[in-house]
Amino acid sequence: NPMSNAAGILERVGAVRQGHFVLASGNHSPTYVNKDAIYTRPLWTDTLACEIAEVCGEWRPDVVLGPVIGGALLAQWVTYRLSLPLHVYKWFDPNRTILAAYADRGVGKFFVLKRGYGELVNGKRVLVVEDVITTGASAVGVVGAVRRCGGSVVGVAAIVNRTCKSTADLAIGMDISVVHCLLDMDIPMWPVADCPLCKQGVSISTNLGKGL
């Protein structure tokens with residue numbers, strides 16, 4: 001999205017790091033998007049949430065839900081923005097209450113809705129939000145958790161798409177109608193057996209990512 005502030009905000013918080021990183025998927029990459037750095041600046045987090053809300057408000061969600069931990073923070077901000085009485089948005093309805101929730105991690109990429117959130121999404125339209133989509137597995141896991149609890153996923157929104165796939169292809173892979181990302185980043189990643197950085201003997205980062 002060329003109109004998004006996402007690239008500038010990521011740069012200003014130093015979120016994009018170069019080196020040799022192990023991702024949550026187990027893949028290796030020369031670039032790591034430190035999503036946690038975004039949340040140290042709530043005003044900039046709000047800016048990104050506002051951009052998501054401007055697009056995804058058209059989907060008319062009843063609940064905004066993200067995977068713990070970062071997605072939970074983003075869900076709060078997006079819900080806040082969707083709830084403000086900004087009548088310039090055609091979708092705004094002062095009689096609607098939009099709720100925020102989050103999914104807990106189960107085993108592996110399996111997510112579950114605890115804390116009464118399963119009942120909260122039952123029969124509701126749910127927007128799933130994620131900060132960085134790397135393989136899409138977490139988003140798929142959250143979509144599955146919502147559906148198991150009787151919710152309907154209206155779409156997935158994220159700050160960064162670093163999968164090297166189009167949002168249309170991501171939507172097909174997630175079996176949903178639409179995915180919206182503020183920023184697409186073409187970042188390579190490899191299975192450990194094919195990692196050129198490992199073959200070159202480049203040290204793995206231990207302070208970011210899942211390294212060692």
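Modeller: Buried means under 20% relative accessible area, exposed over 50%, and partly exposed in between (1.4 Å probe, protein chains only). Strands (E, at least two residues) and helices (H or I, at least four) are DSSP runs, numbered from the N terminus. The model is predicted: local features need pLDDT of at least 70, side-chain atom pairs count only at pLDDT 80 or more, and totals for chains, interfaces and linings use all residues. Residues are numbered from 1 along each chain as its sequence is written, and side-chain values use heavy atoms, without hydrogens or water.

Start with strand S2, residues 28–33. It is mostly covered, with 6 of its 6 residues buried. Its antiparallel partner is strand S1 (residues 16–22), through 5 bridges; pairing takes at least two DSSP bridges. Val-16 is bridged to Val-33 of S2. The hairpin has 5 residues between the two strands, and there Gly-26 adopts a positive phi near 95 degrees.

The largest nonpolar core holds 37 residues. Such a core joins buried Ala, Val, Leu, Ile, Met, Phe, Trp, Tyr and Cys through side-chain atoms within 4.5 Å. Leu-10, Ile-52, Val-64, Val-78, Leu-127, Val-129 and Ile-159 have the most contacts inside it. Elements giving two or more residues are helices H1 (6–12), H2 (35–38), H3 (42–56) and H4 (70–83), plus strands S6 (125–133), S7 (152–161) and S8 (179–184). H3 gives the most, 7 residues.

Take Ile-52. Leaving out residues up to four places away in sequence, Ile-52 touches Gly-57, Leu-74, Val-78, Ala-157, Ala-158, Ile-159 and Leu-182 (contact: heavy atoms within 4.5 Å). Another core lies apart from the largest one. It has 25 residues, including Val-121, Ile-133, Val-142 and Val-179.

Next, helix H7, residues 167–174. Leu-170, Ala-171 and Met-174 are buried there. Viewed down the H7 axis, the buried residues fall within an arc of 100 degrees, so they line one face of the helix; the arc is that of the directions from the helix axis to the C-beta atoms. An α-helix has 3.6 residues a turn, so residues three or four places apart point the same way. On the face of H7 turned away from the buried side sit the exposed residues Ile-172 and Gly-173. The buried residues of H7 pack against S6, S7, S8 and helix H6 (137–148). After H7 comes Asp-175, with a positive phi near 60 degrees.
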